[in-house]
Amino acid sequence: MSMKVYLSMKFDDIKTRFRNRKDQRARVDKDLPLNVRWGSRVEISEAPFLLREGYGFVPYPGPESLIGAFSRVDMAGLPTVRFYMKDRENPDSESMLLVASSPDGGNTQDEIYLFREKEEIPMYYTRTDEAPNEDAVENAVDFWIGKDEGIIGMPYFHSPDEVTYERLWEPDKDERIAGAKFTEDIKLDPYGAQSLQVEHMSTMLYARTFEGIGGEQDEYMLPTVEHDESGFRVRIWLGLPLSEADLGFPDAV
């Protein structure tokens, strides 16, 4: 089951939990970056998106979103928290707020990115055991993350609409490098009672710079091969950097 389906299930649950705050179970959403919790509102400024209007491909998610799931992962050596959000006015509009911290826990300011899903590509059917044969499964995986020829990890990534992004990790190497691998434990409620395990078989961060309104603007691409209980898929995220000044947190604790 994809994250879209889970977030759709959780959207009404968030509103129900806020009406009844007497639950005294231990929460697992404490000490998250930006002082937010599961179900928190996130206000998002439109300004960074307007600066890219007509040049970038990351659509504005709406002025206010709700956090419906979150995870803590180590991505390429950086402690990272992912907040999965839905637009409060339009639940079909989803985004991911990614907050990366300094690995040494120092005073380095967190880096904040907002990603929107550009494409979700089924690798083959819906489940591994429904694939036509083992060769088809292996070929599909190799096409994306094969050691020598896999697309994810190449110096450049060409999107389906023929836009080129440059690899940010070890950009000086001309050959393919292995992507980051990790297992994501996505918490679907504030107590850890429900979660979704997603294996990220390979993910890589790419970027491009273009002339937007008022100067150069950066746009990021994060392709990943995922595996969970419903099978394999390729998910391609597009994102842009944000500052805390671009965000508001009415429910911050």
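This is a predicted model: local features need pLDDT of at least 70, side-chain atom pairs count only at pLDDT 80 or more; totals for chains, interfaces and linings use all residues.

Trainee: Why is Y55 called partly exposed?

Mentor: Buried means under 20% relative accessible area and exposed means over 50%, with partly exposed in between. Y55 has a relative accessible area of 43%, so it is partly exposed. This residue lies in the loop between α2 (47-50) and β2 (64-75).

Trainee: And how do you know whether L196 is buried or exposed?

Mentor: L196 has 3% relative accessibility, so it counts as buried. You'll find L196 in strand β9, residues 195-203. Its C-alpha atom is separated by 5.8 Å from that of D185, although L196 and D185 are 11 residues apart along the chain.

Trainee: What makes β2 largely enclosed by the rest of the structure?

Mentor: Of its 12 residues, 10 are buried, so β2 is largely enclosed.

Trainee: How do you know that β2 pairs with strand β3?

Mentor: Pairing needs at least two bridges between the strands. There are 10 bridges joining β2 to β3 (residues 78-87), so the two pair, and they run antiparallel. As one example, L66 stands opposite K86 in β3.

Trainee: What about strand β1 and β2: how many bridges join them?

Mentor: Three bridges join β1 (residues 41-44) to β2, again antiparallel. Here V42 stands opposite S65 in β2.

How values were computed. Residues are numbered from 1 along each chain as its sequence is written. Side-chain values use heavy atoms; hydrogens and water are left out. Helices (H or I, at least four residues) and strands (E, at least two) are DSSP runs, numbered from the N terminus. Buried means under 20% relative accessible area, exposed over 50%, partly exposed in between (1.4 Å probe, protein chains only).
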